[in-house]
Amino acid sequence: MNAIFGGVISFAGGAIMLRAGGSNGGLDVLGRIIAKYKNVSIARFGLIMNMIIISISALLFTVQAAM
């Protein structure tokens, strides 16, 4: 339950921050740059990049370690 509530609160805070034009660094900065020039939302870019990172990690290590 703690993980679920923590994820919901973290997601809500991140969404409010992005809506206000802020960034918490990392992929958000790159996502804003890509969204400015391409027709890709920041959320979609972040999801795609995270999927790529987890997939590469699963190939290099184990699926359990990647997750």
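Reader: Which residues does the UniProt annotation "transmembrane region" cover, and how do you know that the stretch is helical in this model?

Author: According to the UniProt record, an unreviewed entry, the annotation "transmembrane region" covers residues 41-63; UniProt positions are given in the numbering used here, feature names are shortened, and annotations may be inferred rather than shown by experiment. This is a predicted model, in which local features need pLDDT of at least 70 and side-chain atom pairs count only at pLDDT 80 or more, while totals for chains, interfaces and linings use all residues. Residues are numbered from 1 along each chain as its sequence is written, and side-chain values use heavy atoms, with hydrogens and water left out.

Reader: How does the reach of helix α3 compare with the span expected for it?

Author: Helix α3, residues 42-60, has 19 residues and reaches 27 Å from its first C-alpha to its last. The expected span is 1.5 Å times one less than the number of residues, and for α3 this gives 27 Å, to which the reach is close.

Reader: Which residues of α3 are called buried, and what puts them on the same side?

Author: Ile42, Phe45 and Gly46 are the buried residues of α3, where buried means under 20% relative accessible area, exposed over 50% and partly exposed in between (1.4 Å probe, protein chains only). They cover an arc of only 100° around the axis, taken from the directions from the helix axis to the C-beta atoms, and therefore lie on the same side of α3. On the other side, Ala43, Arg44, Leu47, Met51 and Leu59 are exposed. What covers the buried residues includes α1 (2-19) and α2 (27-37).

Reader: What makes α1 hardly covered?

Author: Among the 18 residues of α1, the count of buried residues is zero. From its first C-alpha to its last, α1 reaches 26 Å, close to the 26 Å expected at 1.5 Å a residue. Glycine 21, whose phi is positive, near 95°, follows α1.

Definitions and conventions: Helices (H or I, at least four residues) and strands (E, at least two) are DSSP runs, numbered from the N terminus. Contact means heavy atoms within 4.5 Å.
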